[in-house]
Amino acid sequence: MPYVKSREARIYYETHGSGSPLVLAHGAGGNTQIWWQQVPHFSAKHRVVTFDHRCFGRSVCKPEAFKPEFFGEDLVAVLDAEGIDRVALVCQSVGGWTGMRMDRDHPDRWSCRVLCGTPGGIVTDQIIAAATRTAESAAVDGISGNADLAK
């Protein structure tokens, strides 16, 4: 099992396949295993890298070192360990925070980025308003949780 050290953390990662590199960055509550359907598909033509964000899955760090501002550095440590210069990024939920850090701090290390279900850790008045509207709309439609969806 490959691990890499990154600023007060030990980051677990996996690589599958060969070809142009593709990184899949999981969301909160996830880890490398959430990509179980995507890895076989994309690894047929790409070198797919998955990793556990610090304090998720098999990655470890002290609670005080759990800082999303280190997510980009963690990914760079994985890329460096694998000798990968530039990647395509798919970032789901909190993985978007990693993607946006890479955008800001290492724009030369990625070729394209897909953000799925995430504001990328960016909080603005417009994002807060949009999230509030979505929550209010769901409440009006009677959607207040999984119990309501099962009806």
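The legends below describe close-up views of a predicted model.

Residues are numbered from 1 along each chain as its sequence is written. In this predicted model, local features need pLDDT of at least 70, side-chain atom pairs count only at pLDDT 80 or more, and totals for chains, interfaces and linings use all residues, while side-chain values use heavy atoms, with hydrogens and water left out.

**Figure 1. Overall fold of the predicted protein, with five helices and seven strands.** Helices (H or I, at least four residues) and strands (E, at least two) are DSSP runs, numbered from the N terminus. Along the sequence, the elements follow the pattern β-β-β-α-β-β-α-β-α-β-α-α. The C-alpha trace spans about 50 × 35 × 30 Å along its principal axes. The protein has 151 residues, of which 36% count as buried; here, buried means under 20% relative accessible area, exposed means over 50%, and partly exposed lies in between (1.4 Å probe, protein chains only). Contact means heavy atoms within 4.5 Å. Of the contacts between residues at least 6 apart in sequence, 66% join residues at least 24 apart.

**Figure 2. The largest nonpolar core, with 21 residues.** A nonpolar core is a set of buried Ala, Val, Leu, Ile, Met, Phe, Trp, Tyr and Cys residues joined through side-chain atoms within 4.5 Å. The residues with the most contacts inside this core are V23, F51, L75, L79, V87, L89 and M102. Two or more residues come from each of β2 (9-16), β3 (20-25), β4 (46-51), α2 (71-82) and β6 (87-92). The greatest contribution is that of α2, with five residues. When residues up to four places away in sequence are not counted, V87 touches P21, V23, L79, R109, W110, S111 and C112. A second, separate core has seven residues, including L22, L24, V39 and V90.

**Figure 3. Packing of α2 against helix α3 (residues 95-105).** The two helices pack at an angle of about 80 degrees, and their axes are 7 Å apart. Axes are lines fitted to C-alpha atoms, for helices over the stretch in contact, and angles run from 0 to 180 degrees between N-to-C directions. The helices α2 and α3 are therefore roughly perpendicular to each other, a term that covers angles of 65 to 115 degrees, whereas those under 35 degrees count as roughly parallel, those over 145 as roughly antiparallel and the rest as oblique. On the α2 side, the contact is made by F71, G72, L75, V76 and L79, and on the α3 side by W97, T98, R101 and M102. By class, the contact comprises six nonpolar, two polar and one charged residues. In this classification, Ala, Val, Leu, Ile, Met, Phe, Trp, Tyr, Cys and Pro count as nonpolar, Asp, Glu, Lys and Arg as charged, and the others, Gly among them, as polar.

Figure 4. V94 counts as buried because its relative accessibility is 10%. Neighbours within four places in sequence aside, V94 is in contact with H26, G27, A28 and F71. The C-alpha atoms of V94 and E69 are separated by 12 Å, and these residues are 25 apart along the chain.

**Figure 5. Cysteines in a structure with zero disulfides.** A disulfide is here a pair of cysteine sulfur atoms within 2.5 Å. The cysteine sulfur closest to that of C91 belongs to C116 and lies 7.8 Å away, too far for a bond. C91 counts as buried, with 0% relative accessibility. C61 also counts as buried, at 17%.

**Figure 6. T15 in strand β2.** With a relative accessibility of 32%, T15 counts as partly exposed. Apart from neighbours within four places in sequence, T15 is in contact with V48, V49 and E82. T15 and E64 are 49 residues apart in sequence, and the distance between them is 28 Å, C-alpha to C-alpha.

**Figure 7. R7 in the loop between β1 (3-6) and β2, and E8 in the loop between β1 and β2.** R7, a residue other than glycine, has a positive phi, near 20 degrees. E8 is not a glycine either, and its phi is positive at about 60 degrees. R7 counts as partly exposed at 43% relative accessibility, whereas E8 counts as exposed at 58%.
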